[in-house]
Amino acid sequence: MNSKDKKIDSVVWGGTVITMDASLSVISDSVITISDGKIQNVFSQKSFNPPTGVESIDARGCLVMPGLINGHTHAGMTLLRGIADDLPLYDWLQKHIFPLERKLGNQEFVSLGTKLACLEMIRSGTTLFNDMYYFEEATAKTADEMGIRAICGQTYVEISGVEKASEVFQKFDSFFKEIQKYKLVTGALAPHSIYGLSEKLWKEMVAYAGQNDLMIHTHLCETKEEVERIKTERGVTPIEWFDSIGLWEKRTVCAHSIELSSSDISFLGERNVGIVYNPESNLKLGNGICPVVELREAGAAVSFGTDGTASNNNLDLFREVDFGTKVQAFKYGVGKLPARESVKMLTIEGAKALHLDHLVGSLEAGKSADLIVMDISSPHAVPIYDWYSYLVYSASQGDVRDTMVAGKVLMKNRQMLHCDEKQILDEARRWGIQIKELNSKLQNPR
Ligand SMILES: [Zn+2]
């Protein structure tokens with residue numbers, strides 16, 4: 001049966017669609033028909049009458065666009081939002097985050113943190129997040145319950161002598177088996193960083209990814225110290241070392257990628273490596289600025305990411321894109337990363353960086369119906385001369401009126417339809433009180 005013959009389940013109609021397809025088509029008086037979670041057709045029709053018996057979203061006077069993509073986050077640690085601010089990376093991690101995670105790291109903490117994260121993401125227009133954390137089985141389960149699309153990367157930091165590699169991979173085997181049942185979830189391997197695992201284990205990770213056709217998600221070249229240490233110990237840059245073990249032949253996505261040489265940049269651009277730009281986290285921790293303009297000129301696909309809420313402290317991609325675009329203007333000169341290009345990074349290019357552009361990132365027939373409807377009636381949205389300029393420089397998360405993932409409406413008229421928002425927030429506040437007490441005990445041991 002031709003896909004066009006399939007029964008329509010829902011229709012989003014009357015709005016102006018920015019499709020983010022290859023020619024950046026913008027369609028006014030649009031009609032998007034959806035069947036089995038996929039976009040069946042996108043076309044323009046004035047005076048459209050929605051068919052009866054199907055879910056109908058009236059988007060007249062609104063902007064419709066692909067859902068936003070968060071290329072790098074740690075949803076499970078959302079309860080640590082704001083627990084330790086204004087500290088450099090090392091102190092922040094070693095004195096606050098790691099000790100707290102050692103005490104709190106369990107399924108319950110990760111589930112509730114992920115619930116809170118999903119709530120914030122759905123409310124701010126994110127429909128796909130690329131995650132990296134511990135207990136990712138809990139993240140996957142929660143993302144599935146909340147109805148949002150996720151790439152769940154089970155992270156690993158090696159503590160020598162604690163586990164044998166065979167045990168690590170056995171655990172991975174059961175994780176990937178367990179999450180197969182969640183249709184919006186893709187599993188990934190997330191070795192923490194070049195310094196977080198031994199050379200031997202990194203090689204085994206790359207081999208395991210190859211055997212199981214998995215994407216690898218890691219933190220790369222986040223600080224000068226990291227790069228200098230690898231150069232001193234191994235005589236090559238992290239990019240060169242990873243090349244020697246075959247990482248770049250796999251589907252890979254690298255967060256941060258700040259400290260890169262010009263040959264590293266050309267090399268990454270020539271390979272199919274996805275890069276994630278996390279400007280708010282990188283600047284808050286004082287780490288530096290990802291060379292986004294040069295990476296894109298070299299051919300790399302770059303996504304925006306928020307990183308976790310302990311270093312951001314929000315998951316709002318509208319704030320991220322506004323700030324991040326201006327930071328690139330400061331680094332390279334005004335106009336080197338125009339608003340239109342930043343919106344690509346939030347959508348279709350973000351999807352490419354995560355190796356999922358066959359499925360999401362643009363509103364075209366055959367792709368998943370992952371989309372948002374933006375209410376553009378607020379004073380800060382008037383007038384609009386250019387859609388991309390509005391989205392990057394003046395839109396805010398409160399403009400997101402409806403959020404849909406795989407044809408299912410998760411938020412309609414700012415109301416969450418499939419979760420108890422108050423319950424999640426109350427529970428998170430209760431945990432917040434306990435975490436604050438725990439943190440002060442850890443900081444002031446008797
Ligand atoms: Zn991170």
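Modeller: Let's start with the names: helices (H or I, at least four residues) and strands (E, at least two) are DSSP runs, numbered from the N terminus. This is a predicted model, in which local features need pLDDT of at least 70 and side-chain atom pairs count only at pLDDT 80 or more, while totals for chains, interfaces and linings use all residues. Residues are numbered from 1 along each chain as its sequence is written.

Biologist: What makes strand β17 largely enclosed?

Modeller: A residue is buried if 20 or more other C-beta atoms, placed from the backbone, lie within 10 Å of its own, exposed if 12 or fewer, and partly exposed in between. In β17 (residues 400-405), six of the six residues are buried, so the rest of the structure largely encloses this strand. β17 also pairs with strand β16 (residues 371-375), in the antiparallel sense over four bridges, and V373 stands opposite D402 in β17.

Biologist: Why are β3 and β19 said to stand at the edges?

Modeller: Here is the whole sheet: seven strands in the order β3-β2-β7-β16-β17-β18-β19, open and with mixed pairing. β3 (26-27) and β19 (415-416) each have a single partner strand, so one side of each lacks a neighbour in the sheet. Inside the sheet, β2 (residues 16-18) and β7 (residues 62-66) run parallel, joined by two bridges, with V64 in β7 as the bridge partner of V17.

Biologist: What are the edge strands of the four-stranded sheet?

Modeller: That open sheet has the order β5-β4-β1-β6, with mixed pairing. β5 (38-44) and β6 (55-58) are its edge strands, each pairing on one side only. Strand β1 (residues 10-13) runs parallel to β6, and four bridges join them. In this pair, V11 stands opposite S56.

Biologist: Why is helix α1 called oblique to α15?

Modeller: Axes are lines fitted to C-alpha atoms, for helices over the stretch in contact, and angles run from 0 to 180 degrees between N-to-C directions. α1 (residues 89-104) and α15 (residues 421-443) pack at about 120 degrees, with their axes 10 Å apart. Angles under 35 degrees count as roughly parallel, over 145 as roughly antiparallel, 65 to 115 as roughly perpendicular and the rest as oblique. The angle of α1 and α15 falls in the rest, which makes them oblique.

Biologist: And why is α4 called roughly parallel to α5?

Modeller: The axes of α4 (residues 165-178) and α5 (residues 199-212) cross at roughly 30 degrees and come within 11 Å. That angle is under 35 degrees, so the label is roughly parallel.

Biologist: Which residues of α4 and α5 meet?

Modeller: Two residues are in contact if their C-beta atoms, placed from the backbone, lie within 7 Å. A165, F169, F172 and F176 in α4 meet L201, E204, Y208 and N212 in α5.

Key: Pairing = 2+ DSSP bridges.
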